[in-house]
Amino acid sequence: MAAAAAVSRPSRLLLGSQAHRQLFTNTSGARVGASSFRPLGPPGRVPYIAPDDQSLGTAPLATRFTAQFPTALREQHSGSESPFPNGTSPVLRIRHYPCHLEREAPRLRAAHCMLGSVVLLWGGSHGSHGTFRRYVAGGVCKSTTKLNGKVVMITGANTGIGKETARDLAQRGARVIIACRDMAKGEAAACEIRAETGNQQVIVKKLDLADTKSIREFAENFLAEEKELHILINNAGVMLCPYSKTADGFEMHLGVNHLGHFLLTFLLLECLKQSAPARIVNVSSLAHHGGRIRFHDLQGEKCYNWGLAYCHSKLANVLFTRELARRLQGTGVTANSLHPGSVYSELVRHSILMSLLWKTFSFFLKTPREGAQTSVYCAVAEELESVTGQYFSDCRPAYVSPQGRSDELAKKLWNVSCELLGIQWD
């Protein structure tokens, strides 16, 4: 058989790149022949393809995947390129021989992409510092800011990302107020944080965001005991609840995720202004992209979907932050919102199906500590001291949906929220 025609290729092609895709269509007159594993690959690199004409003779293409594999699948290798201490890594080498490629190309591309995905995920799952695991973990707050003498309040900090946020800020020396409904869990979380950080100024106070009476009592007690509040993190939330209402008759997602925090912020705002510079951090979600503010059916009485109800409430968080930031200009108090990422936590506890899916695919989710990084970043990063009205994800500015950027919608939601809560907030 005649040798396959040579093609112009870069020495290293990123997996999934345009050049990678063209490689199969440009290499005409070849079909898949024998295949074998051989080691290759520099440490810490993402999967790639590297042509290797010399090692294959007349065969023009070698497909290589660098990843961490279980020991049973590794081959001993003494080459200097090995990413493993014992000199092992898997590489798939496929020989091509002259023939028509038209029938083979679709299957070859599909198999190649599938194998690349499997290797990438498998490699990450068998190393805590794997490429994929690092990608899932997302951004990390690198600020070393200390918070000695500062007072921080975090709602829902008895579990999940709220607890990890409290742990981080307590480590920085802040007096941390854990505001939560379940006092037993709150005390357990506070005891754990105090023991780990050595900071005894971690206090638990009861707050039920589904009851405006509880919110008012909480705020009254806090203001009577504390003179300052430098950071307010509105973190608590519910997700995927079957249709239900709060003690005041609000749909549960809207009532807890938006209206509860709206009222709490209103009641604590003067204290925040007097403590300036101060920050308000609202934990929203990427799900806000799927949200709409349905003023004609705000309580979901005409049409209800537990997934969309959550999206609507997260959009409300973004709009609240936008309008709040506008109103607070010049006060020394900033307001920003964020997406923590998809986090393996108790947030999906109301859905058996989602709980099973979360557990099954936990490898693809952030840990609570990883999910807390953007909250911590928005609370302490020096570069955000004067930044307000922004939306963050993975410790950097992120895209906001068109609905979330609407000033008109934000003002209307603000006015409707005040009417529902019976407050005047000019």
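**A buried cysteine, a mixed sheet and its helices**

Cys395 counts as buried because its relative accessibility is 12%, where buried means under 20% relative accessible area, exposed over 50% and partly exposed in between, with a 1.4 Å probe and protein chains only. The model is predicted, so local features need pLDDT of at least 70 and side-chain atom pairs count only at pLDDT 80 or more, while totals for chains, interfaces and linings use all residues. Residues are numbered from 1 along each chain as its sequence is written, and side-chain values use heavy atoms, with hydrogens and water left out.

Cys395 lies in the loop between S11 and S12. Its phi is positive, about 60°, although Cys395 is not a glycine. Asp394 belongs to the loop between strand S11 (391-393) and S12, and has a positive phi near 55°. Most residues other than glycine have a negative phi, and most peptide bonds are trans. Pro277 sits in the loop between H8 and S9. Helices (H or I, at least four residues) and strands (E, at least two) are DSSP runs, numbered from the N terminus.

Next comes the sheet. Its 8 strands form an open sheet in the order S7-S6-S5-S8-S9-S10-S11-S12, with mixed pairing; two strands pair if DSSP finds at least two bridges between them. Strand S7 (202-206) and strand S12 (396-397) are at the edges and have a single partner strand each, so one side of each lacks a neighbour in the sheet.

Within this sheet, strand S9 (residues 278-283) and S10 run parallel and are joined by 6 bridges. Ala278 stands opposite Val333 in S10, and Val283 has Leu338 of S10 as its bridge partner. Strand S10 (residues 333-339) is mostly covered, with 7 of its 7 residues buried. The cover extends to both faces: Val333, Ala335, Ser337 and His339 are buried on one side, and Thr334, Asn336 and Leu338 on the other.

Helix H5 (residues 160-171) has 12 residues and, at 1.5 Å a residue, should span 16 Å; the end C-alpha atoms are 17 Å apart, which agrees. The expected span is 1.5 Å times one less than the number of residues. H5 is mostly covered, with 10 of its 12 residues buried. Among the buried residues are Lys163, Glu164 and Arg167. After H5 comes Gly173, whose phi is positive, near 100°.
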